[in-house]
Amino acid sequence: MTYLFDDPKSFPADAVEGLVAAHPEELLQAHGGVVRKDATPQGQPALVVGGGSGHYPAFAGWVGPGFAHGAPCGNIFSSPSSDQVYSVAKNAENGGGVILGFGHYAGDVLHFGVAAEKLRAEGIDVRIVAVSDDVASGAKGNHRDRRGIAGDLTVFKIAGAAIQGGADLEEAERLAWKANDATRSLGVAFDGCTLPGAEDALFHVPEGTMAIGLGIHGEPGIDETPMPSAAELAKVLVDGVLKETPELESDRVAVVLNGLGTVKYEEMFVVWKHVSKLLADAGLTLVRPEVGEHVTSLDMAGLSLTVMRLDEELEQHWLAPADTPAFRRGGTVGGDLGEERGELYTPGEDPIPEASEESRGSAERITAILGEVEALLGELEPELGRMDAVAGDGDHGQGMVLGIRAARATAQRVTEAGAGARTVLVQAGASWSAEAGGTSGALWGAALTSLGSAFADDASVSDEQLLTGLVQAVEAVERLGRAKPGDKTMVDAAVPFRETLADASGSAADAVVAAAAKATAAAEATADIAATMGRARNHGDKSVGTPDPGAISFSKIVTLLGEQLSS
């Protein structure tokens, strides 16, 4: 169980506050996570790594010279929101671009991706590295589609050391992916973990057995076997990891035997005695192995083994010094360590760039249209909720209202402050994502941000910019949500809308009206298919006969947009 907490809901934030209080010379608390106390040196790439809370030392414990520059910390086992990721990245970035690193989970892919869209809209170069080391979570031929577990340590250590050694963004990204492709892990569990305030564990492993391949959030394993001895467990782990040979051929390896929270160090050392011998018997040379807790899962009883094959450049960065609260490697950390940080960025305090009178006029028009969308979604909320409840959780209407209400309020505020068209939409998109939450909130936030990035603050919005921006907005939704037509999502309506706009000629108003008609027909047609993504995929057949609420809300919004442009 989790023994010590105040309010379970505030546990992640309380833990971050306590971590910073324990390391006042190293860390600062930013909105959504932590950053180094000293600013990132001018022009140095910033490595921002993160994920859900409950995994310490991952990820906040790795912030420091030779490793990461910042870490957004989500709720327990939940991705940080895009707002949290954006805030930490803004505080970490200092002219050299950003690498956003996380384990390959759907929520992290989405929310880090939305943050990346907003950062790119501001002209910041962003690269994304999703660690995928868990051999139990996918086919051998699709390594980058797997989930990330303790391989986060090896991949991010390589990237952080490369940056500290002078690598630019391109080189650091290359090395991070090289490390990921050279890393394999396998985990086991003997019992589940308990969330703060919960009366029982998230799951239990039958007494006397061990689950193989269980994820660090309690995702199902691939097998259950009788509880082994330490020697037997070592063979299971080594055989499971070495059954694949990564693309990088080498007999030198970095190895991590990782405790998930309850298995203590002496037990791990007993297992390590056998693991080290088995690896040596396999002809491998172990380079500075790590045995201990690195990527935990609250109090889960279990272990994982990670092996990264090393060539000369990976080994150099694996051995390089690092100085963080939870990972310290000896030697003097070289390179520029940065100067004392100035003020921290806090969401809601985004600067308002100067704007021309023409762009301010467009901003006023955008704000008025968002007001019309807010009224529309208020009317549609009950029906959208009803449709969503058929095979989902019934919150789509509520989420859309929360999102548009926040977006419209932000647009109103920044318009009154003199913002132009680009700034209004970018900041409105951030507010939609932050307040609405969930998948649709993140996707609509990204759509507004991407639409705004096609506009300018020094000119009115042209028909060409509007059409380009709308196409970009749908492309962002497709890229981040990873849905395809036929999956019964918003994309079923959005793709026909985008395709029609891409082929349009004439006025933007006429093009949007025509595209909205295509979107409406496509949205209504989703009633005939079963859901294959999102929460509804588990009850996909129940959704037949009811159109997808996300597709319907999209079609209603773009229909209203066409009407507004034509008036």
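## Close-up views of a predicted model

**Figure 1. Strand S7 and its parallel partner S6.** In this predicted model, strand S7, which spans residues 126-131, is mostly covered, with five of its six residues buried. Strand S6 (residues 98-103) runs parallel to S7 and is joined to it by six bridges. Within this pairing, Leu100 stands opposite Ile128 of S7.

**Figure 2. Helix H2, enclosed by the rest of the structure.** Helix H2 covers residues 82-92, and ten of its eleven residues are buried, so the helix is largely enclosed by the rest of the structure.

Figure 3. Several helices contribute at least two lining residues each, namely H9 (357-391), H11 (421-436), H12 (438-453), H13 (463-481), H15 (508-525) and H16 (549-566).

Figure 4. Tyr56 and Pro57 are joined by a cis peptide bond with omega of about 15°, and Pro57 is found in the loop between strand S4 (51-53) and strand S5 (70-76). The peptide bond from Ala58 to Phe59 is also cis, with omega near 5°, and Phe59 lies in the loop between S4 and S5 as well. As background to this view and the next one, most peptide bonds are trans, and most residues other than glycine have a negative phi.

Figure 5. Arg288 is found in the loop between strand S12 (285-286) and strand S13 (290-292), and its phi is near 45°, a positive value in a residue other than glycine. With a relative accessible area of 40%, Arg288 is partly exposed. Leu298, which lies in the loop between S13 and strand S14 (301-309), likewise has a positive phi, of about 50°, although it is not a glycine. The relative accessible area of Leu298 is 18%, and because the cut-off for burial is under 20%, Leu298 counts as buried.

**Figure 6. Phe269 in helix H7.** Phe269 is found in helix H7, which runs over residues 265-281, and is partly exposed, with a relative accessible area of 45%. Leu257 is twelve residues away from Phe269 along the chain, and the C-alpha atoms of the two residues are separated by 9.1 Å.

**Figure 7. The whole protein, for orientation.** The secondary structure comes to 16 helices and 16 strands, and buried residues make up 59% of the 567 residues. Taken along the principal axes, the C-alpha atoms fill a box of roughly 75 × 55 × 50 Å. The radius of gyration is 25 Å, which agrees with the value near 24 Å that a compact globule of 567 residues would have.

Methods
Residues are numbered from 1 along each chain as its sequence is written. This is a predicted model: local features need pLDDT of at least 70, side-chain atom pairs count only at pLDDT 80 or more; totals for chains, interfaces and linings use all residues. Side-chain values use heavy atoms; hydrogens and water are left out. Buried means under 20% relative accessible area, exposed over 50%, partly exposed in between (1.4 Å probe, protein chains only). Helices (H or I, at least four residues) and strands (E, at least two) are DSSP runs, numbered from the N terminus. Two strands pair if DSSP finds at least two bridges between them. The radius of gyration is taken over C-alpha atoms; the globule rule is 2.2 Å times the number of residues to the power 0.38.
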